[in-house]
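Have a look at the sequence and the structure first.

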Amino acid sequence: MVGVYRVYPKKRSSFFANLSVNSTLILINIITFIIFTILLASNILTIDFIAIKPSNILQGKYLWTFLTSMFMHAPGALTFLSFHLFANMLSLLFIGGLVEKILGAKRYLYFYLGAGLFAGLFFVLSSLIFKGDFDTFAVGASGALFGLVGLLMLLTPNLPVYVMFIPIPIKMKYAAPGILIVLWLISIAGNVGIGNTAHLGGVVFGLIYGFYLKSKYKNKIKYINKLFS
């Protein structure tokens with residue numbers, strides 16, 4: 001018996017189609033950093049158009065910086081080299097990759113953006129209390145990153161993680177608040193603008209979403225907790 005088979009040409013997949021959401025976010029952060037740096041250096045744009053500044057937002061100006069500030073990082077001594085970008089993207093590579101596996105691609109993307117936007121809003125509103133932030137510009141993915149950290153504090157509290165410059169693993173439930181406290185102390189002692197309230201806002205968003213997941217998917221969260229303990 002002779003069979004007839006149809007051969008269909010393989011669909012060509014694009015480079016971006018093969019990337020995970022987390023890898024795509026890292027790539028976007030790097031590209032936007034380069035673009036924004038060029039625009040700022042060329043005086044085509046001022047920092048007001050990119051970085052979030054509470055006094056601007058509360059006057060109803062530059063509202064899009066809630067989003068653009070999430071994809072810009074502070075430049076270093078050399079224009080296209082930024083420790084801020086490197087540290088955040090390295091953290092996102094490991095933490096974001098894990099959270100994407102737990103949440104799934106679509107839910108992870110929404111959560112990441114939601115955490116970053118909430119962190120920015122938290123930073124703006126808290127500037128009414130912490131007056132030193134009122135006229136301060138803030139940029140970076142740290143708010144969204146701390147949202148991921150806050151979520152993992154609840155979903156995988158015993159997950160051993162390495163914190164930069166510390167050679168021993170620390171459980172997530174201790175590492176997350178520890179990082180917040182250390183950064184706050186550094187900013188106070190060295191008078192460094194770190195955006196601690198944005199970090200705190202990210203953690204709060206992550207904790208809220210974590211409590212929601214724990215209440216809705218109790219068995220799945222218990223399994224995830226055991227899997228990453």
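## Two loop residues

Let's begin with Asn43, which sits in the loop between α1 and α2. Helices here are DSSP runs of H or I with at least four residues, strands are runs of E with at least two, and both are numbered from the N terminus. Asn43 is exposed, at 68% relative accessible area. The cut-offs are under 20% for buried, over 50% for exposed and in between for partly exposed, with a 1.4 Å probe and protein chains only. Asn43 is not a glycine, yet its phi is positive, about 60°. Most residues other than glycine have a negative phi.

Tyr62 is another such case: it is not glycine and has a positive phi, near 50°. You'll find Tyr62 in the loop between α2 and α3, and it counts as partly exposed because its relative accessible area is 21%.

## The chain as a whole

A word on the model itself: it is predicted, so local features need pLDDT of at least 70 and side-chain atom pairs count only at pLDDT 80 or more, while totals for chains, interfaces and linings use all residues. Residues are numbered from 1 along each chain as its sequence is written, and side-chain values use heavy atoms, leaving out hydrogens and water.

The protein chain has nine helices and two strands, and from the N terminus on they come in the order α-α-α-α-α-α-β-β-α-α-α. Of its 229 residues, 40% count as buried. The protein chain exposes about 13,600 Å², with 70% of that supplied by carbon and sulfur atoms; these areas come from the Shrake-Rupley method with a 1.4 Å probe, and for residues only the protein chains shown count as cover. Contact means heavy atoms within 4.5 Å. Among contacts in the protein chain with a separation of 6 or more, 70% are between residues 24 or more positions apart.

## What's inside

The largest nonpolar core has 37 residues, and those with the most contacts inside it are Leu92, Val99, Leu103, Tyr108, Tyr112, Leu148 and Leu151. Two or more residues each come from α1 (21–41), α4, α5 (105–126), α6 (142–155), α7 (172–189), α8 (196–216) and α9 (218–227). Apart from this core lies another, of seven residues, including Ile52, Ile57, Phe66 and Val124. A nonpolar core is a set of buried Ala, Val, Leu, Ile, Met, Phe, Trp, Tyr and Cys residues joined through side-chain atoms within 4.5 Å.

What does Leu103 touch, leaving aside its neighbours within four places in sequence? Leu103 is in contact with Tyr108, Phe111, Leu151, Tyr209 and Leu213. Over in helix α8 is His199, which is buried because its relative accessible area is 4%. Not counting residues up to four places away in sequence, His199 touches Ser142, Gly143, Phe146, Leu180, Leu183 and Ile194.

## Helix α5

The 22 residues of α5 should span 32 Å at 1.5 Å a residue, and its end C-alpha atoms are 31 Å apart, which agrees. That expected span is 1.5 Å times one less than the number of residues. Among the buried residues of α5 are Tyr108, Gly114, Gly116, Gly120 and Phe123. The buried residues of α5 pack against α1, α2 (54–57), α3 (65–68), α4, α6 and α8.

Leu109 also lies in α5, but it counts as partly exposed because its relative accessibility is 29%. Beyond its neighbours within four places in sequence, Leu109 is in contact with Val21 and Leu25.

## A patch on the surface

Phe83, Phe86, Leu90, Leu93, Phe94, Met164 and Phe165 make a nonpolar surface patch of about 780 Å². Phe83 lies in helix α4 (residues 83–103).

Conventions. Patch = residues over 30% accessible without salt bridge, like charges linked within 9 Å, V, L, I, M, F, W, Y side chains within 5 Å. Salt bridge = Lys/Arg side-chain N within 4 Å of Asp/Glu carboxyl O.
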